[in-house]
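Work through the exercises below with the model open. Try each task before reading its solution.

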Amino acid sequence: MKSVVVLFAGILLVIGPAPAHSVSGYSAPVVTALDACADNAFGEAMAVALPAARGGDADAAAVVGWLLVEGEGVPADLATGYRWLLLAAHHRFRGGGRDLG
């Protein structure tokens with residue numbers, strides 16, 4: 001568990017600073033998902049983050065990956081979770097922005 005938390009923190013450092021397009025710096029779905037996580041409403045977080053991740057939001061992809069790796073709100077799926085995390089990190093380096101598309 002500790003190594004996964006460290007991995008997630010590392011990925012958040014890799015994906016870089018938040019953009020200036022919202023108050024918190026993250027898209028509305030990511031803010032909603034993170035708020036849901038803070039309330040231990042992990043199923044709600046996944047329901048909000050997954051469509052945003054599929055739509056190209058790299059931060060949402062990182063949230064989806066973390067939820068899948070941890071098994072929070074969904075059955076744990078390490079392979080799929082790591083793919084989402086790697087996709088988010090890859091596109092932050094390559095594209096220089098938060099959009100995966």
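Predicted model: local features only at pLDDT ≥ 70, side-chain atom pairs only at ≥ 80, totals over all residues.

Residues are numbered from 1 along each chain as its sequence is written, and side-chain values use heavy atoms, with hydrogens and water left out.

**Exercise 1. Describe the secondary structure and burial of the chain.**

Solution. Start with the elements: five helices and zero strands. Helices (H or I, at least four residues) and strands (E, at least two) are DSSP runs, numbered from the N terminus. The order is α-α-α-α-α. Next, burial. Of the 101 residues, 41% are buried (under 20% relative accessible area, with exposed over 50% and partly exposed in between; 1.4 Å probe, protein chains only). Last, surface.

**Exercise 2. Determine how α2 packs on α3.**

Solution. Take the axes, which are lines fitted to C-alpha atoms over the stretch in contact, with angles from 0 to 180 degrees between N-to-C directions. Helix α2 (residues 28–38) and helix α3 (residues 42–54) have axes that come within 8 Å and cross at roughly 165°. Therefore α2 is roughly antiparallel to α3 (angles over 145 degrees; under 35 is roughly parallel, 65 to 115 roughly perpendicular, the rest oblique). Now list the contacts (heavy atoms within 4.5 Å). Pro29, Thr32, Ala33, Ala36 and Cys37 of α2 meet Phe42, Glu44, Ala45, Val48, Ala49 and Ala52 of α3. Sort them by class: nine nonpolar, one polar and one charged (Ala, Val, Leu, Ile, Met, Phe, Trp, Tyr, Cys and Pro are nonpolar; Asp, Glu, Lys and Arg charged; the others, Gly among them, polar).

**Exercise 3. Is valine 30 buried or exposed, and what does valine 30 touch?**

Solution. Locate valine 30 in helix α2. Its relative accessibility is 2%, so valine 30 counts as buried. Leaving out residues up to four places away in sequence, valine 30 touches Asp57, Asp59 and Ala60. Finish with a distance. Valine 30 and alanine 60 lie 30 residues apart along the chain, yet their C-alpha atoms are separated by 5.5 Å.
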